[in-house]
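Please find below a colleague's note on the model under review.

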Amino acid sequence: MAPSAMADVTPMQLPLHSKHSNKVNASVLHGPQDLRLEVRNIAEPGTGELQVAIKSTGICGSDVSYYKKFANGDLCACAPLSLGHESSGTVVAIGPQVSGFRVGDRVALEVGIPCGQCGICRKGRYNLCKKMRFRSSAKSVPHFQGTLQERINHPAVWCHKLPDHVSFEAAALLEPLSVAIHAVNRASLASGSTALVLGAGTVGLLTAAMARQSGCTSVTIADVDGGRVDYAIKKGFATHGFIVPRPLHTSSSSSSIFTNSSGTSTPLEPGAMTPESMFPPSVQEQLESAKGLASDILALTRLPWGLQSDDEDEGVDVTFECTGKEACMHAGLYATRPGGKVIMVGMGTPIQTLPMSAAHLREVDILGIFRYANTYGTGIRLLSAQGYGGASFSLPSLDDMVTHRFRGLAAAKHAFELAGRTVDDNGNLVLKVVIEA
């Protein structure tokens, strides 16, 4: 892995505002790649709020999408928007009716604010609240401004106190770790399960780690970027790695389809009518390629010939699809054993053509996740336990995932440009880019 490097960027001089000032500097996106530094007003924290000085903010893939297109999927920004939602900081002021906090407390910010009153909130699944306001997202209007500001006022109930030994950078990564925790919770993994993770970005790596944390004996991670796959294995996020060829190839095993109840592969007889033969040729080719890819990935963990059982279904118990790409969803369905689960983690192509018979006829459950709920406490406990031993698997260092650091809001544009790449100008791996105060 490339060593962490502080970006060699000379920041412009920003106006200085004390922590007691009603002015703050903010990085504000006005359109595609139109990122500006502005001075904003900030009020005293209101009832139930803390004022937090932001110390560290990780750049997420959704932030990069907004930066490039002023949109993320089908969510288009209609007004200037501060980005950033993976953040931690220090409490500098406390509003009325807040208890349990002191000025100087170090906190991680959970930036989605639900209504707390609707039926779904009362059930504890507040991530699905229709009135959810999420920082740096264009979904709510007016937009809920992100954390790339010097200070923000935030509800105390969504500020999580940190142990002293947890860094601000690791605390910022509690946000993508929460996505991984929620994905694994939805999967309900049993001890000894096997898992496949498609996509080795930050969320994919953390999902693989959480699958191992939950007792999976085998976790394979696959990505087109060899550097990220190598990193995942070297740092212990996964037990096996697979580098996906560009583009998805047709292998010797791709002439087979799932047709029988055991889920094993049977050759396609000439002229045989299958659900997939109803698709146009281009779609059929994509599905054949996906089947070949799935077979190649499964070959990594296939038992030696003498230990294989005819009664054993081939495939993993759970696939975590962390790319949002249609081709990966195809491969994930084919790589999952009958009775298994495919967890849709990545948000990408909103409308996809899927071989539903591969799920339907083999009772493969397809489960979606959206952000997270009730996960920060778990994440903080995991970070607190790092380095103390006593467990068969310890979560890899989140600090090590930060490959590039940029100092100050003035360097935000450079940070976003780099975050959209997989290697820097020196050929070093780009994994997580962080903007520090």
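1. Basis of the note. This is a predicted model, in which local features need pLDDT of at least 70 and side-chain atom pairs count only at pLDDT 80 or more, whereas totals for chains, interfaces and linings use all residues. Residues are numbered from 1 along each chain as its sequence is written, and side-chain values use heavy atoms, with hydrogens and water left out.

2. Confidence. The protein chain has an average pLDDT of 88, and 85% of the residues score at least 70; pLDDT is the predictor's confidence in each residue, from 0 to 100. Residues 1-13 have a pLDDT below 50, and this stretch has 27 contacts in the model beyond near neighbours in sequence. A contact means heavy atoms within 4.5 Å. Over residues 249-275 pLDDT likewise stays under 50, and the model has 43 contacts for them beyond four places in sequence.

3. Helix pair α4 and α10. The axes of helix α4 (residues 174-187) and helix α10 (residues 376-385) come within 9 Å and cross at roughly 110°, which makes α4 roughly perpendicular to α10. Axes are lines fitted to C-alpha atoms, for helices over the stretch in contact, with angles from 0 to 180 degrees between N-to-C directions; roughly perpendicular covers 65 to 115 degrees. Helices (H or I, at least four residues) and strands (E, at least two) are DSSP runs, numbered from the N terminus. The crossing of α4 past α10 is right-handed, that is, the near helix is turned clockwise from the far one by less than a right angle.

4. Residues at this contact. Helix α4 contributes Leu174, Glu175, Leu177, Ser178 and Ile181, while α10 contributes Tyr376, Thr378, Gly379, Ile380, Leu382 and Leu383. By class, the contact of α4 with α10 has seven nonpolar, three polar and one charged residues. Ala, Val, Leu, Ile, Met, Phe, Trp, Tyr, Cys and Pro count as nonpolar, Asp, Glu, Lys and Arg as charged, and the others, Gly among them, as polar.

5. Cis peptide. Val141 and Pro142 are joined by a cis peptide bond, with omega about 0°. Pro142 lies in the loop between β10 (133-134) and β11 (151-155).

6. Positive phi. Gln33, a residue other than glycine, has a positive phi near 60° and sits in the loop between β2 (23-31) and β3 (34-41). Gln33 is partly exposed, with a relative accessible area of 42%. Ser188, in the loop between α4 and β13 (194-198), has a positive phi near 50°. Ser188 is exposed at 54% relative accessible area. Exposed means over 50%, buried under 20% and partly exposed in between (1.4 Å probe, protein chains only).

Technical notes. Angles under 35 degrees count as roughly parallel, over 145 as roughly antiparallel, 65 to 115 as roughly perpendicular and the rest as oblique.
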